Amino acid sequence: MKKLIASGAITVNSPQKSSDRKWTFMEKLFLGLTLPQYIGQALRNPFNWIIAIIFAVGIPIILGRFIFGLSWVTHSSNDYPWGLFLAFGLFGMVPLSSSGFLLGTACEVFGRHDLEPIERLGLLNGLLGYFFAVVFLLIDLGQPWRLPFPMVVSFGPAAVLFLVAWHVSTYLSVQIAEVSVSFFEWIGFPIGVRAIRKITLGLTVSGIILSTLHQGALGALFTYAPGKVHPLWYSSSFQWIHFFVSSIPGGLCMVITVSTIASKTMSWRFDQRFKDSLDRVTVSLAKGASMGLATYLTIKLMSIAHDNKWAYLTTGYGQWYLVEIMIGVIIPMTLFAYAIHHKKLPIIRFSALLVVLGIFLNRLNTALITFNWKLSEREIPHWREVAICVTVYTIYIVVYRFILYRLPIFYQWKTQEQYALAYAAKPETTILKDTEPALVFASKTEAKAFRNAETITS
Amino acid sequence: MKRRDFLKGCLIGGAAASLGAPSKSWAVGSFEGYPDAMGVLVDTTRCIGCRSCEAACNKEQKLPEPDVPFDDTSVFEEKRRTTEKAYTVVNRYETNDGQKPPYRKMQCNHCNEPGCLTSCFVNAYTKTKEGAVIYNGNVCVGCKTCMVACPFNIPAYSYSSAFDPLIKKCIFCYHTRLKFGKPPACVEICPQEALTFGLRSDLIKMGHERIRETPDRYIDHIYGEKEMGGTSWLYLSRVPDDQIGLDTTLGNEPVISNVKDFLGMVPMVLTIWPALFSGIHLLATRNKDHGDEHHNHSEQEDGKK
Ligand code: SF4
Ligand code: SF4
Ligand code: SF4
């Protein structure tokens with residue numbers, strides 16, 4: 001993409017293609033490229049080939065799950081009703097998607113205008129995370145076509161899951177509304193933009209309520225199984241607080257991680273404002289995340305002290321617990337403290353990734369790895385179950401990328417007048433500036449493939 | 001944003017939040033069970049492991065052919081659990097007191113305050129006044145939370161069915177027998193009278209009676225009298241309960257007690273949060289000249305300055 005831009009292609013960032021012509025919808029869809037150019041760049045991207053292979057294997061398996069039933073794809077059993085789909089997909093993705101409400105709150109409620117450049121990424125990350133958590137849920141439900149039942153057919157209001165169902169679905173619509181601002185700008189529907197802006201605060205506040213409740217509710221789901229979740233991962237009075245509090249650093253670090261990957265693979269999409277503020281915003285987010293981690297660690301220790309569970313720490317499970325806390329909480333906290341002080345961005349980005357992995361590990365541990373610790377046999381996921389998880393996650397990445405390429409998330413949409421102004425003043429330079437290679441950051445670990453994504457084309 | 005818009009925004013926020021309001025009306029009762037609840041007293045000292053109850057249940061509930069015939073005792077080599085094909089199973093337990101090993105039948109215990117029932121978000125379970133915990137497959141979505149929530153690991157799921165997978169568990173023969181006051185099939189067939197059907201309250205008395213009359217035959221405890229808030233099916237045993245596979249770490253609180261903390265917090269969040277955060281918003285933006293402007297405009301204006 002960078003090469004194409006260098007050779008004269010212009011990116012879509014305002015309704016006008018040139019001073020006298022508007023972008024058509026198709027042109028917007030193809031990023032302002034011609035069809036052969038677009039297909040060409042897609043084919044030259046090795047990451048797309050990897051995706052194609054994953055889909056070729058994974059999609060038939062997903063279809064198979066609906067034709068042959070759950071037992072064909074999972075090792076979920078009568079003793080382990082929740083397998084990888086829920087442990088990884090639902091319990092793992094939802095906390096990482098708290099970014100929507102966190103950044104919404106910071107910008108709209110606390111008036112932190114300095115975080116605005118990344119607010120939209122936070123909102124989008126939230127929306128997609130929730131959406132795909134629901135996709136995972138649909139795959140895992142025995143009768144997914146009955147998903148609306150708790151809303152319309154039969155109510156079980158004493159159930160925590162009832163709350164989750166209602167709140168996640170309401171919150172999904174709130175998030176769609178929040179993200180739709182970008183979409184309305186992009187398709188050129190200013191009335192919609194204005195309408196949503198008017199209710200932004202209301203949306204944000206309801207977002208806070210719904211998020212507090214269902215992040216906590218996912219934790220509270222485990223209080224139904226006091227004897228089955230290992231005591232180190234269980235606490236009847238603190239469980240929901242654990243889940244809620246850990247979702248705060250989770251969401252913030254996920255945004256850091258996504259913006260890091262994006263800055264390596266699609267910096268052509270960033271505008272000057274985003275580039276200039278990315279480092280500063282990352283530091284702010286990291287500060288927030290460290291506060292969250294500190295709180296999380298405190299209540300973790302409190303709950304162990306409260307029920308006097310120190311003895312468990314010396315068992316095998318206890319060591320595994322310590323590993324989880326080290327990876328996900330203590331090491332990143334230390335690194336954050338050091339890196340924020342010395343403004344070492346690569347380290348911040350690396351520890352953010354650790355936090356993300358730590359959250360996944362915590363949810364996997366609670367829901368699967370240490371679940372049923374009293375039973376002798378452990379459940380090992382079926383390979384098809386893993387394949388489905390990888391496939392759905394890949395779809396998630398593809399959709400994410402599709403949206404980031406197009407909607408004004410990393411850049412600001414120029415209105416007609418602004419475009420005219422900029423065009424009159426210095427038509428070439430503004431555009432060329434956008435194509436300068438972004439700062440190169442040193443975080444290495446996640447998704448090598450992701451990084452390759454654009455290097456060839458650029 | 002103007003003050004009026006701000007209020008409007010809050011209203012919409014409140015409305016969106018109150019969509020979730022049915023969650024307020026949860027029902028946490030200190031429910032002691034229906035007075036007329038029936039139950040079954042399982043006297044494991046009488047059970048000889050003949051598996052006739054398994055066969056009777058299979059026939060009564062029209063379950064599929066078993067993998068191993070019901071007169072085959074090789075099944076005792078390992079511990080089995082209830083499955084989609086067997087609502088009840090009998091296991092043999094090794095003890096080290098030199099006496100013949102005890103057997104225990106297991107099935108749904110028909111709790112007074114069932115975990116499965118409270119956890120189901122479409123209310124598929126019903127505790128009938130006769131004491132049975134029955135299940136309505138027409139609304140079940142298949143989230144399998146009830147399986148997680150059952151402290152006794154009873155509900156099974158027909159994973160193999162692609163289009164109509166359902167929860168499978170003992171229903172106390174409710175539709176065919178209990179409703180008409182008849183004892184369940186497994187009880188009726190038992191040749192040893194190890195299973196006694198009756199009013200739960202009578203069975204508890206009877207159990208204590210047996211313990212008092214022959215104290216060396218039983219430990220002094222009826223499993224299920226208090227466990228997890230009490231169950232309709234009760235167990236007498238010669239050896240400590242944990243040696244016949246009964247979980248003695250569960251405690252007497254029903255599952256719902258663990259969840260109360262969280263459920264109690266919900267209405268608080270629903271009422272306090274909107275006011276709290278709207279207040280913070282007013283404070284945070286009060287002293288800024290463009291605080292009411294939307295950010296994008298203000299940002300761009302800033303940029304131009
Ligand atoms: S034993 Fe399990 S399935 Fe049966 S009523 Fe109790 S909680 Fe429900
Ligand atoms: S699996 Fe069915 S019965 Fe069990 S909790 Fe979910 S909806 Fe209710
Ligand atoms: S009560 Fe009925 S359904 Fe339950 S185990 Fe006995 S025969 Fe089977």
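This is a predicted model: local features need pLDDT of at least 70, side-chain atom pairs count only at pLDDT 80 or more; totals for chains, interfaces and linings use all residues.

User: Which residues of α6(B) are buried?

Analyst: The general idea comes first. An α-helix has 3.6 residues a turn, so residues three or four places apart point the same way. Now the case here: B:Arg200, B:Leu203, B:Ile204, B:Gly207, B:Arg210 and B:Ile211 are the buried residues of α6(B). They cover an arc of only 125° around the axis, which puts them on the same side of α6(B).

User: What do the buried residues of α6(B) pack against, and which exposed residues sit on the face turned away?

Analyst: The buried residues pack against three strands of chain B, namely β1 (38-43), β8 (195-199) and β9 (233-236). Turned away from that buried side, the other face of α6(B) carries the exposed residues B:Lys205, B:Arg212 and B:Glu213.

User: Now chain A. What span should helix α11 have, and how far apart are its ends?

Analyst: Same check again. α11(A) covers residues 190-220, so at 1.5 Å a residue its 31 residues should span 45 Å; the end C-alpha atoms are 42 Å apart, which agrees.

User: Where does α11(A) bend?

Analyst: Look at A:Ile199, where α11(A) bends by about 55°.

User: Which residues does A:Val109 contact, leaving aside its neighbours within four places in sequence?

Analyst: In chain A, the contacts of A:Val109 are A:Gly104, A:Leu201, A:Thr204 and A:Ile208. In chain B, they are B:Phe277, B:Ile280, B:His281 and B:Ala284.

User: Let's turn to the ligands. What surrounds ligand 2?

Analyst: Read the names, then the classes. Around ligand 2 you'll find B:Cys120, B:Phe121, B:Val122, B:Ala124, B:Tyr125, B:Tyr135, B:Cys140, B:Val141, B:Gly142, B:Cys143, B:Lys144 and B:Cys146. That shell has ten nonpolar, one polar and one charged residues.

User: How many residues surround ligand 1, and which are the closest?

Analyst: There are 13 residues around ligand 1, and the closest are B:Cys108, B:Asn109, B:Cys111, B:Cys116 and B:Cys150. By class, the shell of ligand 1 has nine nonpolar, three polar and one charged residues.

User: And which residues are around ligand 3?

Analyst: Among them are B:Cys57, B:Cys170, B:Phe172, B:Cys173, B:Cys186 and B:Trp233. The shell around ligand 3 divides into eight nonpolar, two polar and one charged.

User: What is the phi of B:Phe172?

Analyst: B:Phe172 has a positive phi of about 65° although it is not a glycine. B:Phe172 is found in the chain B loop between β7 (167-168) and α5 (185-189), and at 1% relative accessibility it counts as buried.

User: Is A:Lys343 buried or exposed?

Analyst: A:Lys343 has 54% relative accessibility, so it counts as exposed. Its phi is near 55°, again a positive value in a residue other than glycine. To find A:Lys343, go to the chain A loop between α14 (316-342) and α15 (345-369).

Key
Residues are numbered from 1 along each chain as its sequence is written. Chains are lettered from A and ligands numbered from 1 in the order in which they are written. Side-chain values use heavy atoms; hydrogens and water are left out. A residue is near a molecule or strand if one of its heavy atoms lies within 4 Å of it. Ala, Val, Leu, Ile, Met, Phe, Trp, Tyr, Cys and Pro count as nonpolar, Asp, Glu, Lys and Arg as charged, and the others, Gly among them, as polar. Buried means under 20% relative accessible area, exposed over 50%, partly exposed in between (1.4 Å probe, protein chains only). Helices (H or I, at least four residues) and strands (E, at least two) are DSSP runs, numbered from the N terminus. The arc is that of the directions from the helix axis to the C-beta atoms. Contact means heavy atoms within 4.5 Å. The expected span of a helix is 1.5 Å times one less than its number of residues. The bend at a residue is the angle between axes fitted to the seven residues ending there and the seven starting there.
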